Amino acid sequence: MARPRPYLDRTPVALAHRGGARYAPNVGLENTLTAFGNAVALGYTHLETDVHVTRDGRLVAFHDVRLDRVSDRRGRLRDLTWAEVSTATLGDPSRGVTERVPLLTEVLDAWPTVNLNIDLKAPGTAEPLWQLVQERALHEQVCVGSFSQRHLSRFRRLSRGTVATAAGQVGTAAARFGPGWLPRALRTPADVFQVPPSVTVRGRTVPVVTPGLVRAAHQAGKQVHVWTIDEPDEMHRLLDLGVDGLVSDRIDVLKQVLVDRGSWTGRL
C-alpha cells in the first residue's frame, strides 16, 4: 500500500467536529475561534469545519446555510456581505461569552500548522478554497469533502489530485445501490471514506461501517473515518473494527478513549 498523504499519516485520526460542539466550554460557540482554540488546547491536530462564501466572495468557517440557529442575525450567508456576517454574535451575551463567525483565513492565521477537514457546504466554495490552498501551500494540511458531488468534483478538477479528498455520499450510495454499491464506491479517486456508522432506509437501520467495508477500503489504499461519534462505547466498537478516524463533538471523550487505548495521535 502506498504511503498515505501527510494529512492522513498518523491514525487513528481524531477530528474535532466544528471544534467540538458538545465539549462543555464550546456549547453555543461551535465553529468559532474559541471552539477551535479549545480543541487545539486539548491537543487536537485535526479540526473539522464547513465553509460558505459570502456575497462578496469571502470564505467563512460556518456550518449552517443561515445564521439564524446560532447567532443574533438572520439570513443566508451567500446573500450577505462579509461586513454584515461579521456583525453576527454567537454565544450568550448575558454570560459575557460571545464570538463571531470567523473567516477561514483567520483560523489558519491562528493555527498555521493545523490540519483541516473542510466540507464544501455551498455553491461557489471550490474556487476560493483552491485559491487559498495555493496561496498558503496547504496541499498537505487539508482534506476536502462535500455532500454535493458537484462541489467536490469541481474542487478535484481544480486541484488535480494534489489535495486529499473524501468520497461523497457513500451513505447514500449504500442505500441506493444495495449489495453492489461497494465495488463502485471503491473506484472513487478519494483518499478516505467519511461515513456515518449506519443509515436509515424505509425505517430500517442499515449498517454502513462493517468489517467488509473497512477491509475493502484498506485493500484499496483508502481510509475510513466515521461521523459524528460522541459515545465512548461506540468509539471503542468502531476502533475495534479498524476504522482510521473518528469525528466527534465530544472531543474530551474521544481524547480520553484514545489515550486509554494508547492510540492518541494528537499532542499530549
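Guide: Helices and strands are DSSP runs, numbered from the N terminus. Please note that the model is predicted.

Visitor: Where is Asn31 found, and is Asn31 buried or exposed?

Guide: Asn31 has a positive phi of about 60° although it is not a glycine. Asn31 lies in the loop between E1 and H1. Its relative accessible area is 1%, and a residue under 20% counts as buried. Asn31 is therefore buried.

Visitor: Is Arg160 buried or exposed?

Guide: Arg160, in the loop between H5 and strand E8 (164–167), has a positive phi near 50°. The relative accessible area of Arg160 is 74%, and the cut-off for exposed is over 50%. Arg160 is therefore exposed.

Visitor: How many aromatic pairs does the structure hold, and of which kind is the pair of Tyr44 and Trp264?

Guide: The structure holds three aromatic pairs. In the pair of Tyr44 and Trp264, the ring centres are 5.1 Å apart and the planes stand at 75°. Planes over 60 degrees apart count as edge-to-face, so the pair of Tyr44 and Trp264 is edge-to-face.

Visitor: How many residues apart are Tyr44 and Trp264?

Guide: Tyr44 counts as buried at 1% relative accessibility, and Trp264 counts as buried at 11%. Tyr44 is in the loop between helix H1 (33–41) and strand E2 (46–53), whereas Trp264 is in the segment after helix H10 (251–260). The pair links distant parts of the chain, 220 residues apart.

Key: Residues are numbered from 1 along each chain as its sequence is written. This is a predicted model: local features need pLDDT of at least 70, side-chain atom pairs count only at pLDDT 80 or more; totals for chains, interfaces and linings use all residues. Side-chain values use heavy atoms; hydrogens and water are left out. Rings of Phe, Tyr and Trp (its six-membered ring) pair if their centres lie within 6.5 Å; planes under 30 degrees apart count as stacked, over 60 as edge-to-face and the rest as tilted. Helices (H or I, at least four residues) and strands (E, at least two) are DSSP runs, numbered from the N terminus. Buried means under 20% relative accessible area, exposed over 50%, partly exposed in between (1.4 Å probe, protein chains only).
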